[in-house]
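Please examine the structure below together with its sequence.

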Amino acid sequence: MIDCHAHLWDPDRGFGWIRPDSPHHRAYDEADLARSGTGADGLTGTVLVEAARGDTGETGALRALRLRRPDLVAGYVGNLHAHGEEGPDRFRELLTEWGGTAPNGMRLGGGSLSDVPETARALIPVLDASGLVLEVNLHHGALASAAGIAERHPGLTLVVDHLGNPPNLVDGDPGEWRRDLERAAAVPNVLVKISGLLTQQHGVAPERVADLVRRVVDALGPDRCLVGSDWPICLPRGSRAGSLALSRAGLDRLTAEERERVLHGNAVRAYRLSC
């Protein structure tokens, strides 16, 4: 199994979103990542995802760790916003310079797509031409926004984080999310990451969370889904192993071959991993 969504950070080096009173306000490094995999059945690799440090140095740090610890880090996803000010030409040059050690994808995020700076959006065609994943983490309309981008760039692979951020089912109405899911399902180059569930669906019965996952898998099919722990974000609610177990709970109706694709094969294909 490849965990397609984990983070590293050190609040002393940026990451202003981590407040001093937050349970996340401590450094998480490669040693913590290695220890966190204990108990996660079948875990063979991790795709590290940027954690909004806010500068291009985070991409470089993730790249350096990938080079130093290929046994631990299967791939990495940088922050698209941070490279926006460099412009498309410089971003294209940077990817060329890095060659086979370039990011496996780049992520954009925000409240909604309208919040994403135009400088970051201008880099999307570079990703398309380079064969890198565009990862999407928007609090509102993530699935619909990804579908719109995918329609304009049919050769680009998009991965939507955290099931597209549906509302917490304790008191939220998932109607709009369901409609957006159907739209995304109609665009074949949109994939969805089954991740973030311990945090986002806190207080929801596990079977209802599994039903959310089944809905995604039924809509997109097992060839367009990935899994991720969202470690260490998940830690106030549970362990990395527990987070991955919750992500897998909705895969119970799949065949063994289909489950293997969701847990491993799709990540290798989408992110162009070597493991």
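Predicted model: local features only at pLDDT ≥ 70, side-chain atom pairs only at ≥ 80, totals over all residues.

Residues are numbered from 1 along each chain as its sequence is written, and side-chain values use heavy atoms, with hydrogens and water left out.

## Nonpolar cores

A nonpolar core is a set of buried Ala, Val, Leu, Ile, Met, Phe, Trp, Tyr and Cys residues joined through side-chain atoms within 4.5 Å. Buried means under 20% relative accessible area, exposed means over 50%, and partly exposed lies in between (1.4 Å probe, protein chains only). The largest nonpolar core has 75 residues, and those with the most contacts inside it are Leu48, Leu80, Leu134, Leu163, Ile194 and Leu251. Apart from this core lies another of 14 residues, among them Ala74, Val77, Leu191 and Ala267.

Contact, or touching, means heavy atoms within 4.5 Å. Leaving aside residues up to four places away in sequence, Leu163 touches several residues, including Leu143, Trp177, Val192, Ile194, Ser195, Leu212 and Val216.

Helices (H or I, at least four residues) and strands (E, at least two) are DSSP runs, numbered from the N terminus. In helix H7 (residues 175-185), the residues Gly175, Trp177, Asp180, Leu181, Ala184 and Ala185 are buried. The cover over these buried residues of H7 includes helix H6 (142-152), strand E7 (190-194) and H9.

## Two buried residues in loops

Ser195 is placed in the loop between E7 and H8. With a relative accessible area of 0%, Ser195 is buried. Not counting residues up to four places away in sequence, Ser195 touches His5, Asp161, His162, Leu163, Gly228 and Ser247. Ser195 and Val160 are 35 residues apart in sequence, and their C-alpha atoms are 9.9 Å apart in space.

Gln201 is found in the loop between helix H8 (197-200) and helix H9 (206-220). Gln201 counts as buried, at 2% relative accessibility. Its contacts, again without residues up to four places away in sequence, are Pro166, Pro167, Asn168, Leu169, Val209 and Leu212.

## Salt bridges

Side chains of opposite charge can pair when their charged atoms come close. A salt bridge is a side-chain nitrogen of Lys or Arg within 4 Å of a carboxyl oxygen of Asp or Glu. By this rule the count comes to 20 salt bridges.

| Salt bridge | Closest N to O distance |
|---|---|
| Arg26 and Asp32 | 3.0 Å |
| Glu30 and Arg69 | 3.3 Å |

In the salt bridge of Glu30 with Arg69, the pair links distant parts of the chain: Glu30 is in helix H1 (residues 30-36), and Arg69 is in the loop between helix H2 (57-68) and strand E3 (73-79), 39 residues apart. Glu30 is partly exposed at 22% relative accessible area, and Arg69 is partly exposed at 23%.

For the pair of Arg26 and Asp32, Arg26 is partly exposed at 37% relative accessible area, whereas Asp32 is buried at 13%.

## Pockets

A pocket is an open set of points on a 1 Å grid over the protein atoms alone, where a 1.4 Å probe fits and protein lies on both sides within 12 Å along at least five of seven lines; lining residues have an atom within 4 Å of a point. Grid points are joined across faces, edges and corners, and a volume is the space filled by probe spheres set on the points.

The largest pocket holds about 620 Å³ of space. It is lined by 23 residues, of which Ala52, Arg107, Asn137, His139 and His162 are the closest to its centre. Strand E4 (105-110) and H8 are the elements that give two or more residues to this lining, and E4 gives the most, with four residues.

The second largest pocket has a volume of about 350 Å³. Of its 15 lining residues, the closest to the centre are Leu8, Trp9, Arg13, Tyr28 and Ala61. H2 supplies the largest share of this lining, five residues.
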